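I opened this structure for a first look. These are my notes, in the order I made them.

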Amino acid sequence: MHAAELMARLNPSTVRYDIGRGGIPELTPQDIAAAIGMVPAGLPRELMCRLWWPAGAALTASQLDRALMDLLLKEWTERELAMYKALGAVAGAVSPGERASAQRQYAEAHARRWPKWIERLEPVTITETYKHLREAVLTEIAEPRRCSCCGGSGEVRARAGVAPCDRCLGQGTTKQGPTWRAAALGMKEVSYKQTWHEPYEWLLAAVTDMASGAADELRRKLHRDEK
Ligand SMILES: [Zn+2]
């Protein structure tokens, strides 16, 4: 069972999941909350809670946002440094072969750069877009879009009964498209596609990985409890 469904039992107001449907009904909300408490503290657990059980988070929303900002800034800095390192290689190349290889390295590093953080220099003003991006990524994962192909069931009619839906691979949900993301970031779709798609996908993958790592840990704790 998906951690989102388990954790939804802890949210009194949730109506998205049918409690007990094919699940493990012997687990009480107390069991689940206790198991969440046993997942090691850290960003993965915080993200898991933010996505599926906000009341269980230890960090405030702004502390969590700060942690995600640091994560983005670190990756942004590494990409900038890779470009300057390649620049040094171009400048210091002595043979034509060495120069050609350094130029390739520079072009690749340059293409991997992310949009700048500074919007104005005097006084230093930070762009709001990275903040919108963090909020949009969390919303996209916490409230996934229902698959339009199978209507959210994860199954489609096939010759022999039903088959897993190809579009969502049986998940029932799909990623948001560029139209939704551009609106969430307050920009035109073309700007999203040209400039912001890369950092968006990077953060989406990073948050998904961390939250599902914590969710796996949660399932292991619950499983051990049952024995
Ligand atoms: Zn589907």
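**Notebook: metal site and a helix pair**

I began with Cys-168, which is buried because its relative accessible area is 4%; buried means under 20%, exposed over 50% and partly exposed in between, with a 1.4 Å probe and protein chains only.

I noted that this is a predicted model, where local features need pLDDT of at least 70, side-chain atom pairs count only at pLDDT 80 or more, and totals for chains, interfaces and linings use all residues. Residues are numbered from 1 along each chain as its sequence is written, and side-chain values use heavy atoms, with hydrogens and water left out.

Next I looked up the zinc ion. Its ligands are the SG atoms of Cys-147, Cys-150, Cys-165 and Cys-168, at 2.3 to 2.4 Å. Donors are N, O and S atoms within 2.8 Å of the metal (3.2 Å for Na, K and Ca). Cys-150 lies in the loop between β3 (145–146) and β4 (155–158), and Cys-168 in the loop between β5 (161–164) and β6 (173–174), 18 residues apart. Strands here are DSSP runs (E, at least two residues), and helices are runs of H or I, at least four, numbered from the N terminus. I checked Cys-150 too: at 13% relative accessibility, Cys-150 is buried.

Then I turned to the helices. Helix α3 (residues 43–52) packs against helix α6 (residues 129–142) at about 65 degrees, with axes 9 Å apart. Axes are lines fitted to C-alpha atoms over the stretch in contact, and angles run from 0 to 180 degrees between N-to-C directions. I listed the contact residues (heavy atoms within 4.5 Å): Leu-47, Arg-50, Leu-51 and Trp-52 of α3, with Leu-138, Ile-141 and Ala-142 of α6.
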